[in-house]
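Good morning, and thank you for making time for this presentation.

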Amino acid sequence: MIILSPSLLAADLLYLGEELDSVAAAGLQQVHIDVMDGNFVPNISYGTNMAHAVRRHGQLKFDCHLMVAEPDRHVAAFAQTGPELITVHAEATPHLHRLVYRIKELGVQAGVSLNPATPVNVLKCIIGDIDAVLLMTVNPGFGGQKFIPSVLVKIWEVREMALAHGKDITLQVDGGITLETAKQCVAHGATHLVAGASFFQSLDRRAFAASIIEARAEA
Ligand code: DX5
Ligand code: ZN
């Protein structure tokens, strides 16, 4: 089963409640919260205030993708918002193992994200300890960018690495996901697709979501 999580980065925040309702009406169960600090990435988005708002709305589960420097300083505050998963960047901390276990101690699933130029071998010594891998398919910082096809082989490599550890890991891809790129990602082993612009700009969000979830291998 393929999971689709719309990224709120592309939602109209003036109508956040309605936007969240439209995600649920499209038959989806969760949204993706992109946290950017203007330091690890060039852009600033929002923080725990957004996660608390989604939680208060009550209809949807959510995951927090922390594109921040020194994520160690922030995971406790995000854990308090009640996410399913907190994802941190391997590039943002020198103590990934400690941070992953900190997230798990806080009672939240832990994910690790890699930028497009980061090789998957940095996951080798942590893959057995994490619940999800998020492969960036654009350079993080902005929504609406073009998918980077060279990441496709990394999806396959992570899948193989997880299988070698006997792990049925969540394998997220994030950035530039359209129906076409979704099919390619699924064909390479992705299980969880994040889509911002393509979901929120779709005229029929329900039909778009259904077509993405049906995305089948077209390698
Ligand atoms: C990029 C974010 C992504 C992105 C997805 O830094 O992590 O979640 O906003 O948006 P689209 O689908 O518009 O590329
Ligand atoms: Zn994201």
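This is a predicted model: local features need pLDDT of at least 70, side-chain atom pairs count only at pLDDT 80 or more; totals for chains, interfaces and linings use all residues.

**Salt bridges, zinc site and core**

Residues are numbered from 1 along each chain as its sequence is written, chains are lettered from A and ligands numbered from 1 in the order in which they are written, and side-chain values use heavy atoms, with hydrogens and water left out.

Arg205 has a partner: its side chain meets that of Glu19 in a salt bridge, at 2.8 Å from N to O. By salt bridge I mean a side-chain nitrogen of Lys or Arg within 4 Å of a carboxyl oxygen of Asp or Glu. The pair connects distant parts of the chain, with Arg205 in helix α8 (residues 205-213) and Glu19 in helix α1 (residues 16-25), 186 residues apart. Helices here are DSSP runs of H or I with at least four residues, strands are runs of E with at least two, and both are numbered from the N terminus. Glu19 also counts as buried, at 10% relative accessibility.

How many salt bridges does the structure hold? There are three. Another joins Arg102 to Glu105, with the closest N and O atoms 3.9 Å apart. Both residues belong to helix α4 (residues 96-105) and are three residues apart, about one turn of the helix. In general, an α-helix has 3.6 residues a turn, so residues three or four places apart point the same way. Arg102 is partly exposed at 36% relative accessible area, and Glu105 is exposed at 62%. There is also a salt bridge between Arg159 and Asp168, whose closest N and O atoms are 3.8 Å apart. Here Arg159 is buried, at 13%, whereas Asp168 is exposed, at 72%.

I turn now to the metal. Which residues coordinate the zinc ion (ligand 2)? They are His32 through NE2, Asp34 through OD, His65 through ND1 and Asp174 through OD, at 1.9 to 2.2 Å. Donors are N, O and S atoms within 2.8 Å of the metal (3.2 Å for Na, K and Ca); water is not among the atoms, so sites may look incomplete. His65 lies in strand β3 (residues 61-67) and Asp174 in strand β7 (residues 170-174), 109 residues apart. His65 is buried, with a relative accessible area of 0%, and Asp174 is buried too, at 7%.

Finally, the nonpolar core, a set of buried Ala, Val, Leu, Ile, Met, Phe, Trp, Tyr and Cys residues joined through side-chain atoms within 4.5 Å. The largest one has 67 residues, and those touching the most other members are Leu8, Ile33, Leu66, Ile86, Ile177, Cys185 and Leu193. Helix α5 (residues 152-164) contributes the most to this core, with five residues. Leaving aside neighbours within four places in sequence, Ile33 has contacts (heavy atoms within 4.5 Å) that include Leu8, Tyr46, Phe62 and the zinc ligand His65. In helix α6 (residues 179-187), the buried residues include Thr181 and Cys185.

How values were computed:
Buried means under 20% relative accessible area, exposed over 50%, partly exposed in between (1.4 Å probe, protein chains only).
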